[in-house]
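Welcome, and thanks for taking a look at this structure with us.

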Amino acid sequence: MAIAKYFSKDLLAINQLINSSQDSLEKILSSTKVGIGFDKNGAETKEGAFALDLITRLLARLYPNLSIIDLSKSNGKKVSALHKLAKNINSNIGLTDTLDDLDVLIVAGQTNKKPKIKGKLLFIGSDNWIGNFSLNGTISFGDSNNPFGPGVAACIGAANLFRVVFHEFFQDKGLDKNLTFSPLTCSIDDSIHNPKLKSVDLKDVSIVGIGAIGNGAIWALSKLENLTGSLNLIDSEKVSISNLQRYVMFDENDIEQKKVEVALKKFSSPKLKVNLHFGNWSSYLKERGDYNVHVVGVAIDNKKDRIGIQSSLPRKIINSYTEANLLGISRHNEFGVTACLACGYIPTQQERNYISEVAENCNIPQYVNLVKDYLNLDIPVETPRIQNTGSILDVIAQANTIQRGELDQFHGKKISQFYSEFVCGGISLSLSNSSRISNVDAPLAFQSAMAGILLAAEIIIDAGGYRNSPIKQVTHIHPLNIFNKNNPFNHQLKRDDTGRCVCSDNVFINQYKAKWQETQTTI
């Protein structure tokens, strides 16, 4: 079986949706053959090339057997290039280029003849900003330089493919039929404003977090050839192997490199200045030397940092996030008037601290003080701390019925790094062969990629003035549900009414007005 080296993280993500055993999930994946097919329209148009790139990046991370087929028989080099891309993402993947025995095939672009396979056919295409999906027949790609339509088409195609593969668990959800979706309206309205994408001056945009969502944003922004201005990328971490489960722009060659430096390599727009900061938001502001940040794209995963970003009073904030079967975008440009970013993250009850979170998710809730010791003393996890018991690794092994030797791979690591890989990376689930679901978010790759693409789209829409009518402040999409009039769900965010949010403080409101009074606009 050719499962990815980071399959434990895939397992964690799937297990949050499907509470089944590791063996049964592996059996489904190993026995399913999925494919990507394309004709000349898919191979030779810009939008087709964007979609083929992304759908390969999405599928290669999860499915151990992937067939990539040139239906035109005239673009063999394209197959070779996509095979190479898939192999870099998952060196264990099994690759073919035939239609034989396929259970599901995504057909990218228009073809003269529907391919015949024993399983299900899914069709994707795009027209500029609009992503298209169908069960009925092939859809063409346009030849614009806009990555947003083909990007969302690839994500919607991957979401439907996931439902086909795991259909026995999604019988109540079904598949999308004929679907159009545009980031401009964040709706399935087919009377869509669809302007041509021209050169865009970003002026001063900062993206905080080059994680899974940030990768989706980088994928889209790096495809745009006519960007100018400054793009500031901020992240304090290096790439780990478990990241590859859903970081669509990164592959196995990027492990242990700084995320911001890997992201930088993806950009080629000659007039765009990409600045890197290896650190957090606070250190970025310190290095920058001012708080006059115009637009911030938020792609991080914790509440505290989001409140901190809002407290620094950027002119506009676009926030993107994922939860189990949910991706969301919120837009914040009227501080003191509508809900600010912090409004959505003001705690309403006492929340679990990090030490308790580590102890509980490692299945050792009674050892909170032990976790605290390892954190405060900054010692490796194999260092003995308990008389007659040993190290925290020994305690965790016993609590999770894991052979102690299985945890030797973590020797030399500190507790935070161990936790990130053991629990957040899904290794605990894999080693213990348990279906116990940790309280850790682990979305699927197509969720995070689409959240990032929508974040990037909002940045471009704002900078280029592409939206011709207002949109509600928040967009929620349930990617494993059928798209309909209620999905996506566009709605207003309620302002915090406890009086504890920064947007209720006149000092902050007056400071915001003083900074941005002359440039206040509407997203």
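In this predicted model, strand β8, helix α7 (residues 212-223) and strand β9 make up a β-α-β unit that is right-handed. From β9 the chain crosses through helix α8 (residues 259-264) to β10, and this β-α-β crossover is right-handed too. The notes below begin with these strands and then move on to the rest of the fold.

**The sheet that holds β8, β9 and β10**

- This is an open sheet of 8 strands with mixed pairing, and its order is β10-β9-β8-β11-β12-β13-β14-β15.
- At its edges lie β10 and β15 (489-491), each of which pairs on one side only.
- On average, neighbouring strands here are turned by 15° against each other, direction ignored.
- β8 (residues 200-208) and β9 (residues 227-235) pair in the parallel sense over 7 bridges, and valine 200 stands opposite leucine 227 in β9.
- β9 also pairs in the parallel sense with β10 (residues 272-278), again over 7 bridges; here serine 230 has lysine 273 in β10 as its bridge partner.
- An antiparallel pair is found between β13 (residues 326-332) and β14 (residues 474-477), with 4 bridges, and glycine 328 stands opposite histidine 476 in β14.
- Helix α9 (residues 281-288) lies across β8, β9, β10 and β11 (295-298), and runs at about 130° to β8.

**The sheet that runs from β3 to β7**

- Here 7 strands form an open sheet, also with mixed pairing, in the order β3-β2-β1-β4-β5-β6-β7.
- The edge strands are β3 (94-96) and β7 (178-181), and each pairs on one side only.
- Neighbouring strands of this sheet are turned by 20° against each other on average, direction ignored.
- Within it, β5 (residues 120-127) and β6 (residues 130-134) run antiparallel and are joined by 5 bridges, with phenylalanine 123 opposite serine 134 in β6.
- Helix α4 (residues 46-60) packs on the sheet and touches β1 (34-38), β2 (65-70), β4 (104-108) and β5, its direction making about 170° with that of β1.
- Helix α5 (residues 76-89) packs on the sheet as well, touching β1, β2 and β3, and its direction makes about 160° with that of β2.

**How α4 and α5 meet**

- Two packed helices are described by the angle between their axes and the distance between the axes.
- For α4 and α5, the angle is about 35° and the axes are 9 Å apart.
- The crossing of these two helices, α4 and α5, is right-handed.
- On the α4 side, the residues that meet α5 are Ala49, Leu52, Asp53, Thr56, Arg57 and Ala60.
- Their counterparts in α5 are Lys78, Leu82, Leu85, Ala86 and Ile89.

**The nonpolar cores**

- Which residues touch the most other members of the largest nonpolar core? Of its 111 residues, they are Phe162, Phe166, Leu233, Met450 and Ile460.
- Helix α16 (residues 445-464) supplies the largest share of this core, with 13 residues.
- Leaving aside neighbours within four places in sequence, phenylalanine 166 is in contact with Ile14, Ile18, Leu25, Ile28 and Leu29.
- There is also a second, separate core of 25 residues, and among them are Ala359, Val371, Ile396 and Ile427.

Methods. Residues are numbered from 1 along each chain as its sequence is written. This is a predicted model: local features need pLDDT of at least 70, side-chain atom pairs count only at pLDDT 80 or more; totals for chains, interfaces and linings use all residues. Side-chain values use heavy atoms; hydrogens and water are left out. Two strands pair if DSSP finds at least two bridges between them. A crossover is right-handed if, with the strands pointing away from the viewer, the path from the first strand over the helix to the second runs clockwise. A nonpolar core is a set of buried Ala, Val, Leu, Ile, Met, Phe, Trp, Tyr and Cys residues joined through side-chain atoms within 4.5 Å. Buried means under 20% relative accessible area, exposed over 50%, partly exposed in between (1.4 Å probe, protein chains only). Contact means heavy atoms within 4.5 Å. Axes are lines fitted to C-alpha atoms, for helices over the stretch in contact, and angles run from 0 to 180 degrees between N-to-C directions. A crossing is left-handed if the near helix is turned anticlockwise from the far one by less than a right angle, and right-handed if clockwise.
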